[in-house]
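I opened this entry to record what I looked up in the fold.

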Amino acid sequence: MDQRYCIPEMFETARYRLRRANPSDALAIFESYATDPTVTRYIGWRPHSEPCDTEDFLEEASAEWETGKGFPSVVFPQSEPDHLIGMFHPHVFGHKVTYGYVLAKKAWGNGCATEVMTWLVDHALEHPAIYRAEAFCDIENRGSARVMEKAGMIREGLLRRFFIHPNISEAPRDCLMYAKVK
Ligand SMILES: CC(C)(COP(=O)(O)OP(=O)(O)OC[C@H]1O[C@@H](n2cnc3c(N)ncnc32)[C@H](O)[C@@H]1OP(=O)(O)O)[C@@H](O)C(=O)NCCC(=O)NCCS
């Protein structure tokens, strides 16, 4: 039996539907959130200025499915199945899964990130080869920190000068690390 962890190419939570991200999602992502500086403030890439920026990113990210390195997945409300609202991006490193996530601003505040992250973290820890589900956020990103707490992850510490969030500063920033383990 293949013991490597992966997520389903399509799955549903109570209110959302997720599927494997494809290069053809580029325009929807560009129009939904990739150009929005409010959305990108606490993430590791600058707002996209042209659709080709989003295409290049997606070409690279979606290829991670082939190697099992990562599983970028786009999310839609079940009530609006053609309306792309964001992306969840698990990466596998041995016995660990590390998460990134981003939602369009108009989708904030509805519990989407909590609902999907809870599903993803629990799914990962059910797999025999995965012992740790982790994520980190900028020290000022209170929304993301709260999502992790609500998904059952525990704050493990402050990682000083851990990551560059280039939309805030070129200098590495302090970050909060959260994890759920078994
Ligand atoms: C962070 C983000 C994913 C949260 O998604 P969301 O679906 O709006 O979050 P939820 O609705 O599940 O909210 C979860 C909790 O966080 C709180 N929260 C959300 N945004 C917040 C904010 N900006 N400030 C403070 N608390 C916030 C909510 O109130 C809720 O807590 P509560 O139930 O105790 O009230 C979303 O704001 C986003 O995409 N931000 C831009 C990208 C980003 O920062 N990604 C994370 C990088 S580490």
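I looked up burial: 36% of the 182 residues of the protein chain count as buried (20 or more other C-beta atoms, placed from the backbone, within 10 Å of the residue's own). The model is predicted, so I note that local features need pLDDT of at least 70, side-chain atom pairs count only at pLDDT 80 or more, and totals for chains, interfaces and linings use all residues. Residues are numbered from 1 along each chain as its sequence is written.

I then checked dimensions. The C-alpha trace of the protein chain spans about 40 × 35 × 30 Å along its principal axes. The radius of gyration is 16 Å, which agrees with the value near 16 Å for a compact globule of 182 residues (taken over C-alpha atoms; the rule is 2.2 Å times the number of residues to the power 0.38).

Next I listed the secondary structure. The protein chain has 6 helices and 8 strands (DSSP runs numbered from the N terminus: H or I of at least four residues, E of at least two). Along the sequence the pattern reads β-β-α-α-α-α-β-β-β-α-β-α-β-β.

V75 has G86 in β4 as its bridge partner.

How values were computed. Pairing = 2+ DSSP bridges. Buried ≥ 20, exposed ≤ 12 C-beta atoms within 10 Å, placed from the backbone.
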